[in-house]
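Keep the structure open while you read.

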Amino acid sequence: MYEQPSWLHELWVAREALWAGFLTSVQCAGLAIVFGTVIGVFAGLILTYGKWWARLPFRAYVDLIRGTPVFVLVLACFYMAPALGWQIGAFQAGALGLTLFCGSHVAEIVRGALQAIPRGQLEAGKAIGLTFPQSLSYVLLPQALRQILPTWVNSSTEIVKASTLLSVIGVAELLLSTQQVIARNFMTLEFYLFAGFLFFVINYAIELLGRQIEKRVALP
Amino acid sequence: MTQTQTAPAAPALLSIEGLHKSYGPVEVLKGVDLKMNKGNVVTLIGSSGSGKTTLLRCVNLLEEFQGGHIRLEGQDIGYSDVSGKRVRHPEKLIARHRAMTGMAFQQFNLFPHLTALQNVTLGLLKVKKLPKDQAIALAEKWLDRVGLLERRNHFPGQLSGGQQQRVAIARAIAMNPSLMLFDEVTSALDPELVGEVLSVIKGLAEEGMTMLLVTHEMRFAYEVSDQIVFMNQGRIEEQGPPKALFEQPKSARLAEFLKNIRF
């Protein structure tokens, strides 16, 4: 007599695979967000204040990457890195693709925020004798980073969603792990829904975190 | 203000010679000469576009200039002649020279993410490298001086325009500059807030602060200045003590200008 397996039972069976997939998703998205933000802030600074010859490569980077689908980017990193003699695994290649993507977006929002700061702020910094790097650290960036926070949270959630594309190059992140579980138990709807729920949890956590930070640094 | 050593035949505190400044093909300063001694209060007046704000901003190099010299306490500002060639100073030296002047702006330009106290301490900590407790003590002294000690933990957004401008003045003056620049500091203020700012400036003038001002407040200029400089089309048209200048203008331009303003 065949017994209909319960979803909870199957979930229990698949728990380790799913947990590993969940962690992989968080890891690659997290790495991409952290390094992408660092790259993006730097690129944004250069794009705003750099000389034309310094801006040129960053402008090319930002325009090129932003004009390319993330999917293509991930595939490109996966296939091109080894072709260029750089032996990296699927996870590294995928994380690299996401990082480049994140960096290009952050670069543009940082540039926008810096350009929106009134000119008088830099002048006031100069007038009390701050050097440019000092003005940047104490006057301009604190204002720009506050400004980009909501957009940055949005970009971060985009990265988490884009991390599912790593399933195509064989990284067992949450989506691929889910697909593997479904291939075993055929509970398509249940497990896709569950995966969707987990992605929502990650992104909702990012949004909550963003809102907390916003509240903490908000100016009266 | 504390008296610094007065060398015999002390050179002018500020000396501007043959200052030329162009925005592209448009020449806005066409050879300006101006001297100020310690303790002088000099006010630049003139219609808009006459170059008075540009002149002020050249003194701390917020505007670059293409010809002439500006010397503050005997030091070249912005550019030096090195074997006949005009060389721009390195950024660090420019920053050091800028710290010798204080500036208050029309739009206050307080740092919106810092409290009133932090606005004043920033330069003391990062430029003067004072220890934190000294910086705070000094900042509080000056905030008290402009009547805003109890607002020290307020952010600029929580202060009125007049209060913001007073904090901005405290921020500049706490750096102990040898020259204060005031660029139309009351122009952006509601009429009822102008008085509180002017009285702060007046107090500083009476204490012997050397100041170069641009203002449209003619009565104030009359009362506070040793010298009034009337600028017209990028040149100094006429200068002299306020009484003489306002009551017996020599040039037709100045007479015309004075006729059109209210006291």
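In this predicted model, helix 7 of chain A makes a right-handed crossing with helix 8 of chain A. Chain B contributes an open sheet of 6 strands. Both are taken in turn below.

**Helix pair in chain A**
- Helix 7 of chain A spans residues 174–185, and helix 8 of chain A spans residues 188–217.
- Their axes lie 9 Å apart, at an angle of about 160°.
- Angles over 145 degrees count as roughly antiparallel, so helix 7 of chain A and helix 8 of chain A are roughly antiparallel to each other.
- Helix 7 of chain A brings residues including Leu174(A), Thr178(A), Ile182(A) and Asn185(A) to the contact.
- Helix 8 of chain A meets them with residues including Thr188(A), Phe191(A), Tyr192(A) and Phe199(A).
- The residues of this contact divide into 9 nonpolar, 4 polar and no charged.

**Sheet in chain B**
- The strand order is 8-9-10-3-11-12, with mixed pairing.
- Strand 8 (101–104) and strand 12 (235–240) of chain B are the edge strands.
- Each has a single partner strand, so one side of each lacks a neighbour in the sheet.
- On average, neighbouring strands of this sheet are turned by 20° against each other, direction ignored.

**Strand 9 and helix 6 in chain B**
- Strand 9 of chain B (residues 179–183) pairs with strand 8 of chain B in the parallel sense, over 4 bridges.
- Within strand 9 of chain B, Phe182(B) is the bridge partner of Ala104(B).
- Helix 6 of chain B (residues 191–206) lies across strand 3 (41–45), strand 9 and strand 10 (211–214) of chain B.
- Helix 6 of chain B runs at about 150° to strand 10 of chain B.

Conventions: Residues are numbered from 1 along each chain as its sequence is written. Chains are lettered from A and ligands numbered from 1 in the order in which they are written. This is a predicted model: local features need pLDDT of at least 70, side-chain atom pairs count only at pLDDT 80 or more; totals for chains, interfaces and linings use all residues. Side-chain values use heavy atoms; hydrogens and water are left out. Axes are lines fitted to C-alpha atoms, for helices over the stretch in contact, and angles run from 0 to 180 degrees between N-to-C directions. Helices (H or I, at least four residues) and strands (E, at least two) are DSSP runs, numbered from the N terminus. Angles under 35 degrees count as roughly parallel, over 145 as roughly antiparallel, 65 to 115 as roughly perpendicular and the rest as oblique. A crossing is left-handed if the near helix is turned anticlockwise from the far one by less than a right angle, and right-handed if clockwise. Contact means heavy atoms within 4.5 Å. Ala, Val, Leu, Ile, Met, Phe, Trp, Tyr, Cys and Pro count as nonpolar, Asp, Glu, Lys and Arg as charged, and the others, Gly among them, as polar. Two strands pair if DSSP finds at least two bridges between them.
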